Structure formats: structure tokens, C-alpha cells
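Me: Could you show me how to read cavities and a buried residue? I'd like the general idea before the details.

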Amino acid sequence: MTYSFSKPLTLAAVMALGLAGCNNSSQTSTDAPADDAATTEITTNGTLQKIKDSGTIVVGHRDSSIPFSYIADDPNQPIGYAHDLEMKVVEAVKQKLNMPDLNVRYNLITSQTRIPLVQNGTVDFECGSTTNNEERQKQVAFSNGFFEIGTRLLTKKDSGIQDFEDLKGKTLVTTAGTTSERYIRQYNDDNKMGTNIISAKDHGEGFLMLENGRADAFMMDDVLLAGEKAKAKNPDEWVIVGTPQSFEIYGCMMRKDDPEFKAVVDEALANVFSSGEINSIYDKWFLNPIPPKNVNLNFEMSDNLKALIANPHDSAQPKEAAAQ
């Protein structure tokens, strides 16, 4: 098996590729379908056929979404909870296509580039920390969910910030291109908070701004905040506070209108859920020391996530918001 990596693209380059991808998708292939029984249900222009023809599956990954998808000790190997699930999907694709030696290529994505890179075919799918919501469903497809979060704040213990109303006149950082960024800007306007909002390029940069004193608080998904806290110079200086402003579900993201590929992804996740293997994967990343600093997040599985695992769905919203 061959693993290779792609460097991140600028947003302009991503959009250019998107136009090229759209033009190519309008062409109809006249190639006869393969006779192999394993590929009889693959559509000519679908992701499975693309992977089969190229001999490579392109997997999107993040570099700082701890503990979901990130780079730690080896710059050429993403790791994390979502990455482990992503590799279960890769194994399922190999079986579906009867291609045990299928090449795997990793492509770095960010919050801003992830959707266009999936849309234009640069990335075949990604499992990271991407929220499934109605707006995004108009652009891409999502698998059944594999995590549920609440959006909260990370701040110093002595900052005086206990909840979102305490952000009045303060400086807050959040990650560009996320649902948190959109929410907090609307919240700031609606409540006339006068909060200075900074948008960081990724979660790592966001926490660095907080740690360096450029921001008083960092808003993001609670579990991602726990990941940033864990890698701090002194984790005990920081605390996660605030009433969750939303409950959101993470799913694997892929191109729209490709039911064959979505079925493979959903089935791979369902097998991990029903077998109970999801519990050991969860414990590995949330209840045990993890790289790079071998800090334990001590983030117990919520009742919401247990319910999602027991009854998987690809809805944009949680079926029911249990107490977290």
C-alpha cells in the first residue's frame, strides 16, 4: 500500500479546481461497466468508479483538530478518533472494489477549504470535525453522525468569564469558516455586546492567540477546546465554561448525489457501532493519554453520543438534546 500527501491549496486555487471539477463532471463516460461482481452497482461517474479508475482513494485530514484528525509526532501521518473511523471506511472501499492494495493519499484540508475540495473531487471524503447542518447539506452529503458536541468557551480560570454574557467588551477568538464563527458574530450583533471577534485560520492558531493574551476567550466545540487545553503549556490554567449555545453532530463529508459511496461509508460506520468497537476507539482518544503530550482529555462519552451510536442517523440536527 502506498501513502502520499498533498500540500494545502490556497482558497483561490481551490475555487479554480472547483470550476474545473464542475466542467469535468458534465462529461459522460462511454466506458463499459466492469464485469467484476464487486463493482456491478458502481455508477459511471460516482466516487467508487473514480477510485477504481485511479487506483487511489484521496482522504481529507486536518492538522490540528485534536483529538479527531491531527498531526502529532509524524508529519506524514494524521491520527485521531475520526481518522480511525476514516480508515474503517477505506477498508470497506477496498472490500467493495476488491482492491486490497488500493493506494491511500492524504490531502490536508482546513475549515475554509474542506467543502470546495470535496465538491471538486480533490478529496473523495473526509472524517474530521465537520458539523452536519442544513446549509452544508445543500453543498455536500454527510454520513451518519459519529460525534455530538456543544459549543462553549475556553478561558483562563481567573479571566472572570463564566458564560457568553461575560464577553461584553472582551476579545474573543474562534476558527474561520466554522459554525461557531457564524453564531458568535450573530450573537454579538443581536445582543450589542461590543465583543472584538478574531478569526483564526485553525484551532491551533486560535488557542495560540488565547495563550498569548491576544484574546480573552476561545469559542469552539467543547471537545476541540478540551483538545487545545490538553496541549497547553500548563493545562490547569485553563477552563471550559459557558452554557452550550448549540448541539451539533459531526459526520463524514462526501460529494452529493452519490448514494453508492454514501452507502459504503454508512455501512462501515454502522459495523463499528454495532460491533462495539466504537467504545474502544473512543476510550483510546478521549479517556487515555494521547500524543503529542500524552495528556488524557478525560472526556466521558455523553448520553447524546450514546443515543447516536445506538440509533445512527444523518440528520442535520440532534434528534434530542440530552443533558451533557
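**Reading the cavities**

Reply: Let's start with the second largest cavity, whose lining is made up of Ile66, Gly227, Ala230, Lys231, Ile290, Pro291, Pro292, Lys293, Val295 and Leu297. A cavity is a set of points, on a 1 Å grid over the protein atoms alone, where a 1.4 Å probe fits but cannot get out; lining residues have an atom within 4 Å of a point. This is a predicted model, where local features need pLDDT of at least 70 and side-chain atom pairs count only at pLDDT 80 or more, while totals for chains, interfaces and linings use all residues. Residues are numbered from 1 along each chain as its sequence is written, and side-chain values use heavy atoms, with hydrogens and water left out.

Me: How many cavities of 30 Å³ or more does the structure hold?

Reply: Two. A volume here is the space filled by probe spheres set on the points, with grid points joined across faces, edges and corners.

Me: Which residues lie nearest the centre of the largest cavity?

Reply: Arg114, Ser129, Thr131, Thr178 and Asp221, out of 13 lining residues.

Me: Now, is Ser111 buried or exposed?

Reply: Buried means under 20% relative accessible area, exposed over 50%, and partly exposed in between (1.4 Å probe, protein chains only). Ser111 has 6% relative accessibility, so it counts as buried.

Me: What does Ser111 touch, leaving out residues up to four places away in sequence?

Reply: Contact means heavy atoms within 4.5 Å. Ser111 touches Arg62, Thr175, Ala176, Gly177 and Thr178.

Key: On a 1 Å grid over the protein atoms alone, a cavity is a set of points where a 1.4 Å probe fits but cannot get out, and a pocket is an open set with protein on both sides within 12 Å along at least five of seven lines; lining residues have an atom within 4 Å of a point.
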